[in-house]
Amino acid sequence: MTLAKPAFPAPDHDHGRCTADALSHAEAVCEQRAQKFTPIRRQVLGALLSSHRPLGAYEVIDELAKSMARPAPITVYRALDFLIANGLVHRIESRNAYLACAAHDHDSTSAVAFLICERCGLVGEIPSASFAKDLNAAARSSGFAPKLSVVEITGVCTHCQKTS
């Protein structure tokens, strides 16, 4: 299987373009779904887009506090809930942290596979439609109605492998 784009961004990628594209995508998703992409939702997503590493809610608050009055935790958690519900952010359960979505087009029964680098902390997202179909079929045959599934795979990213 070949990936359409690398799971991990190149260390020298155009992060400004990467962030702008993700924010434009979020605007389009919200407009298409008649959802409000409020300033705080945009700012929370922007904080998560500041790197390709997952951030805890309080790390998001710290990032936001660099450019605005420190928001209340409930405000950030509500924004995160909205962003997750609209497929713009994922929760990395093993890290109790959040990550801006890289793949962009999940439905409510998609399976998402994360590659978590144990050295640098970057998280890559890979297509998982091939095994999602099997997982969803197995769940349905058991009378279970699956929603979004998340698979977390830890290891060492290609960039860290090259530097060791």
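Okay, so two strands count as paired if DSSP finds at least two bridges between them. Strands here are DSSP runs of E, at least two residues, and helices are runs of H or I, at least four, all numbered from the N terminus. In this predicted model, local features need pLDDT of at least 70 and side-chain atom pairs 80 or more, while totals for chains, interfaces and linings use all residues. Residues are numbered from 1 along each chain as its sequence is written, and side-chain values use heavy atoms, leaving out hydrogens and water.

On to the sheet. L115 has G124 in β4 as its bridge partner. β3, residues 111–117, pairs with β4 in the antiparallel sense, over four bridges. The whole open sheet runs β4-β3-β5, with mixed pairing. β4 (123–126) and β5 (149–155) are the edges with a single partner strand each, so one side of each has no neighbour in the sheet.

Now look at α4, residues 73–85. Which of its residues are buried? They're V76, A79, L80, F82 and L83, buried being under 20% relative accessible area, exposed over 50%, and partly exposed in between, with a 1.4 Å probe and protein chains only.

What do the buried residues of α4 pack against? That would be α1, α2, α3, β1 and β2, with contact meaning heavy atoms within 4.5 Å.
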